[in-house]
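Open the model in your viewer and keep the selection panel at hand. The stops below go from the whole chain to single residues.

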Amino acid sequence: MQPIPLRIYVPVGLDVRPPVVLYLHGGGFVQGSVAYADAAARAIAAATPAVVIAVGYSLSPRFPFPVPLEDGYLAGLWALANAGTYGGDARRMGIAGHDAGGNLAAGIAAMARDRKDLTLLAQALIAPLLDPSMTRLADGGRLVGADLSASDCAMAYRAYLPDVLQHLHPYVAPLESRRLQRLPPTLIVSAARDLCHIEGETYASELIAAGVPTETTRYAEASHQSIVTHAGALADVAAFFARRLHAAEAGPRRAQRTSHPQRHASQE
């Protein structure tokens, strides 16, 4: 059994229990840790405010699909059972992710809809990798300042999806799914200098067509990697979660940010 590291960010000074947000870091499925999530998790925890749980899912190629996805889902179930210990209200839970974490977040949202033992009220996908077919990449030759290449994407998908048939699975290729109804309200944050901005924005259009309340923003000066620390983008994510997760009577949102030491949830 592989332990799942969690790092928990708890806003303090609130008069009400804040909602909970799961956060899945980037790294192309093959690298990264909860430390990768620090800037985004701190910003979301403070500005939403919310208890943010950064998930250190298992990495590919040692742990290919569906292990990282199931790790994230298990972390959601752990949050449902334990978020109250940290002052969070797990009845109001959202999920966010960047890069590969955006792919996992989208998959976990679909799993929650289908399995019905976890309720997610909102998802925010930051420069997500959503298209294993790689047929919707922008023209890298026309993007100034791009920091992600088509070969980077291909390596990531090969590691995570060693079986070519997995490339069409709806939990990893949401753009190929014809079953997008009843997914949670969604925010897609894209970067104009990112090869993947077309697939993210296409997914936003597909969700809207399926009746899912969806918002999208694009930052002209941002790249695939820089978007996850972009102050405006993170403010958008926090504002989205504040609208979708905070009850109308939530009261004052005074918060300072702090984090608990890293903790582990065993995969059982």
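The tour starts with the overall fold and then moves to individual selections.

**Whole chain.** Select everything first, keeping in mind that this is a predicted model. In cartoon view the protein chain shows six helices and nine strands. The C-alpha trace spans about 50 × 40 × 35 Å along its principal axes. A compact globule of 268 residues would have a radius of gyration near 18 Å, and the 17 Å of the protein chain agrees with that. Of the 268 residues, 56% are buried. Taking contacts between residues at least 6 apart in sequence, 83% join residues at least 24 apart.

Switch to a surface view. The protein chain exposes about 10800 Å², and carbon and sulfur atoms supply 53% of this area. Colour by charge next: the mean positions of the 23 positive and 23 negative charges lie 6 Å apart.

For cysteine 153, the nearest cysteine sulfur is that of cysteine 196, 4.0 Å away. That is too far for a bond, because a disulfide needs the two sulfur atoms within 2.5 Å. Cysteine 153 counts as buried at 2% relative accessibility, and cysteine 196 is likewise buried at 2%.

**Two cis peptide bonds.** Select threonine 48 and proline 49: the peptide bond joining them is cis, with omega near -20 degrees. Proline 49 sits in the loop between α1 (38-47) and β3 (51-55). Now move to phenylalanine 65 and proline 66, where the peptide bond is also cis, with omega near 5 degrees. Proline 66 belongs to the loop between β3 and α2 (67-82).

**Glutamine 166.** Glutamine 166 lies in the loop between α4 (150-160) and β6 (186-193). Is the residue buried or exposed? With a relative accessible area of 17%, glutamine 166 is buried, because the cut-off for buried is under 20%.

**Positive phi angles.** Arginine 182 is in the loop between α4 and β6. Its phi is positive, about 65 degrees, although arginine 182 is not a glycine. This residue is exposed, at 59% relative accessible area. Finish at lysine 116, in the loop between α3 (100-115) and β5 (122-126). Lysine 116 is not a glycine either, yet has a positive phi of about 70 degrees. Its relative accessible area is 62%, so lysine 116 is exposed.

Terms used
Residues numbered from 1 in each chain as written. Predicted model: local features only at pLDDT ≥ 70, side-chain atom pairs only at ≥ 80, totals over all residues. Heavy atoms only, no water. Helix = DSSP H or I, 4+ residues; strand = E, 2+ residues; numbered from the N terminus. Rg over C-alpha atoms; globule rule 2.2 N^0.38 Å. Buried < 20%, exposed > 50% of the residue type's maximum accessible area, 1.4 Å probe, protein only. Contact = heavy atoms within 4.5 Å. Areas by Shrake-Rupley, 256 points an atom, 1.4 Å probe, with all protein chains shown as cover. Lys, Arg positive; Asp, Glu negative; His and termini not counted. Charge placed at Lys NZ, Arg CZ, Asp CG, Glu CD.
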